[in-house]
Amino acid sequence: MELTVKVPAGSERVEVFGAADRNLKMLREALGVTVLARDGAVQLRGPRDAVLAARNILSKLSARSDAPAVDRRAMLDLISEEMARPSEERDAMAGSVESDGWDGSLDVYSRGRAVRPRTGNQDRYLTAIRDHDLVFGIGPAGTGKTYLAVAAAVHLLRTDRVSKVILVRPAVEAGEKLGFLPGDLQAKVNPYLRPLLDALHDMMDYPTIRRFMENDVIEVVPLAYMRGRTLNSSVIILDEAQNTTRGQMKMFLTRLGHGSKMIVTGDVTQIDLEDPTQSGLIDAARRLGKAPGVSIVTLDKTDVVRHPLVQRVIEAYGDDDSRPAREDGLA
C-alpha cells in the first residue's frame, strides 16, 4: 500500500521528523515501511497495516508539533500503541486515510471523458495497482487491462508520485515472420509497442508525449533491453507478458527498484511462443500467487469494453482458448 501524509512546514516540520529525521528512521526500522520525505508531505509505502500505523503516528506528531519534541522513549511508545491496535480498526479507518493519497479515481481523461473502471473486476484491478507494488492483470482481449495500466501510470506521473513511466513489450510476432525491419531501434520496435503508444496518445497530447520521451520521462523499450537495469521511482508496464519466457520474466521482475510499481498484463489464451507451456506469465502467476505485496487480478469476457462483437468472438473461441488456461490454474 502507498499513501501520502501532509506534514507542517518550517520549524514544526522538524518537530515531526525529529532531530536528523530520527522519528522517520524509527518508523522505517520498527514498521518496515519505506518513508520518503518531500516538501510538505511524507510518502509511505509497505504492508497495509504498517503504512496505516505509520500514518497515524505522523498524524499524532503533526497534531502536537507546537509541543515539546518527543524523545526516543515517547516515540517508541507511540509505535507500540499503534502496533497493538487491531487491524480491523485500521481497515475501518481506510476510507479517510486513502483520501490523503490516491483514492482510486484517476486524474486522466480520454477525449474529454474521465478514465474510470467500468466493471467490478476493472475496479479491483485499479485498487490492486494502488495498493500493491507488483500487479498481474490477466484476461482476454478488450478487458482494459493494458489501457487501465497506462491510465494509472499517467495518473501517478501527473501527481508526482513517480518520475518516470516505462512501457515494455516482448518482440514476439503473432504467428507471422515479419523479417528484417528497416530503421533505427525505435523504428524497429514501434510495431510491437504500438498498442501501448495508442493508449498513451488517448490520454496525453502529442507535444507532451514527445517532450516526455525526449527527456526520458516516458520510455518505450523492448523487453530484451531491460537486462542490467534498476528502475526507481517509476511505473513499469510489461504488456503481452504471455509471450515472455520464464527467464525473461524473472529478469524483468528483478528490475523493480525503490518507489516503483510494476504492472504485468497478458492473455494466456493468446501465447505466440513455440512452446506455450514455457510462458513466463503462467509460471510467474504460479510462483507469486500468494507472495506478500503481489496481486493477481483475473478479468474475463464480462469485462470486455470494446465493440460488443469482441465479447461474442471470445465466447465463440472460448472452448478452444480456455483449455490451456484451465490446465495452468489461471481460469
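Because the model is predicted, local features are reported at pLDDT of at least 70 and side-chain atom pairs at pLDDT 80 or more, whereas totals for chains, interfaces and linings use all residues. Residues are numbered from 1 along each chain as its sequence is written, and side-chain values use heavy atoms, with hydrogens and water left out.

The secondary structure of the protein comprises twelve helices and eleven strands, where helices (H or I, at least four residues) and strands (E, at least two) are DSSP runs numbered from the N terminus. Of the 331 residues, 47% count as buried, a term that denotes under 20% relative accessible area, with exposed meaning over 50% and partly exposed lying in between (1.4 Å probe, protein chains only). Among contacts (heavy atoms within 4.5 Å) with a separation of 6 or more, 75% are accounted for by residues 24 or more positions apart.

When residues up to four places away in sequence are not counted, Y125 touches V135, G137, G144, K145, L148, A149, I263, T265 and V297.

Two packed helices are described by the angle between their axes and the distance between the axes. The axes of α3 (residues 48-63) and α4 (residues 72-83) come within 9 Å and cross at roughly 135°; axes here are lines fitted to C-alpha atoms, for helices over the stretch in contact, and angles run from 0 to 180 degrees between N-to-C directions. The two helices are therefore oblique to each other, given that angles under 35 degrees count as roughly parallel, over 145 as roughly antiparallel, 65 to 115 as roughly perpendicular and the rest as oblique. The contact is made by A53, N56, I57, K60 and L61 of α3 together with M75, L78, I79, E81 and E82 of α4.

In α10 (246-253), residues M249, M251, F252 and L253 are buried, and what covers the buried residues of this helix includes β6 (134-138), β7, β9, β10 and α11 (280-288). L256 is found in the loop between α10 and β10 (261-266), where its relative accessibility of 31% makes it partly exposed. Not counting residues up to four places away in sequence, L256 touches D133, L231, I236, K261 and M262, while R229, 27 residues apart from L256 in sequence, is 8.8 Å apart from it in space, C-alpha to C-alpha.

Most residues other than glycine have a negative phi. A20, in the loop between α1 (11-17) and α2 (22-31), has a positive phi near 55° and is exposed, with a relative accessible area of 64%. D160, located in the loop between α7 (145-158) and β7 (164-169), likewise has a positive phi, of about 60°, and is exposed with a relative accessible area of 57%.
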